[in-house]
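Subject: Structure handover

Hi,

Here is the structure I promised to pass on. Please have a look, then read my notes below.

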Amino acid sequence: MAFNGTEGGEITLQEGADLTSQYRSENPNETKGHFFGRDILTQLLQQEGCKGIRMYYGVDKAGKKELVLVGADANENDILDLVADLSLPCPGVCGNANVLNS
């Protein structure tokens with residue numbers, strides 16, 4: 001499968017909160033990584049005052065590990081107008097083996 005830059009998408013703040021809460025309560029084994037396409041990352045970064053992206057760990061209703069992304073401002077505060085998830089996890093979509101995924 002080739003990435004096309006549209007991977008990932010918006011979720012609600014409540015869905016993000018549920019994911020991160022579930023992660024904290026279960027403390028599962030780590031997932032190696034997640035892929036987010038350029039489009040959703042650009043949307044996060046283009047928010048007014050956004051200086052970067054904060055990533056929270058989460059677990060979905062099926063027990064699968066997720067990442068929840070939000071922008072963060074210069075004061076280290078989350079910008080909660082856009083919350084992103086729907087990444088492609090590794091293992092599953094890992095690309096070639098390298099020091100980060102093997």
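How many bridges join strand β3 to strand β4, and do they run parallel or antiparallel? Nine bridges join β3 (residues 50–59) to β4 (residues 65–73), and the two strands run antiparallel. Strands count as paired if DSSP finds at least two bridges between them.

Some ground rules. This is a predicted model: local features need pLDDT of at least 70, side-chain atom pairs count only at pLDDT 80 or more, and totals for chains, interfaces and linings use all residues. Residues are numbered from 1 along each chain as its sequence is written, and side-chain values use heavy atoms, with hydrogens and water left out.

The overall layout: the protein has two helices and six strands. Their order from the N terminus is β-α-β-α-β-β-β-β. Helices (H or I, at least four residues) and strands (E, at least two) are DSSP runs, numbered from the N terminus.

Of the 102 residues, 33% are buried. Buried means under 20% relative accessible area, exposed over 50%, and partly exposed in between (1.4 Å probe, protein chains only).

Back to the hairpin of β3 and β4. Five residues sit between its strands. There, G63 takes a positive phi near 85°. Y56 stands opposite V68 in β4.

Two other residues have positive phi without being glycine. E76 is at about 70°, in the loop between β4 and β5 (78–85). E76 is exposed, with a relative accessible area of 62%. L86 is at about 65°, in the loop between β5 and β6 (88–90).

Best wishes
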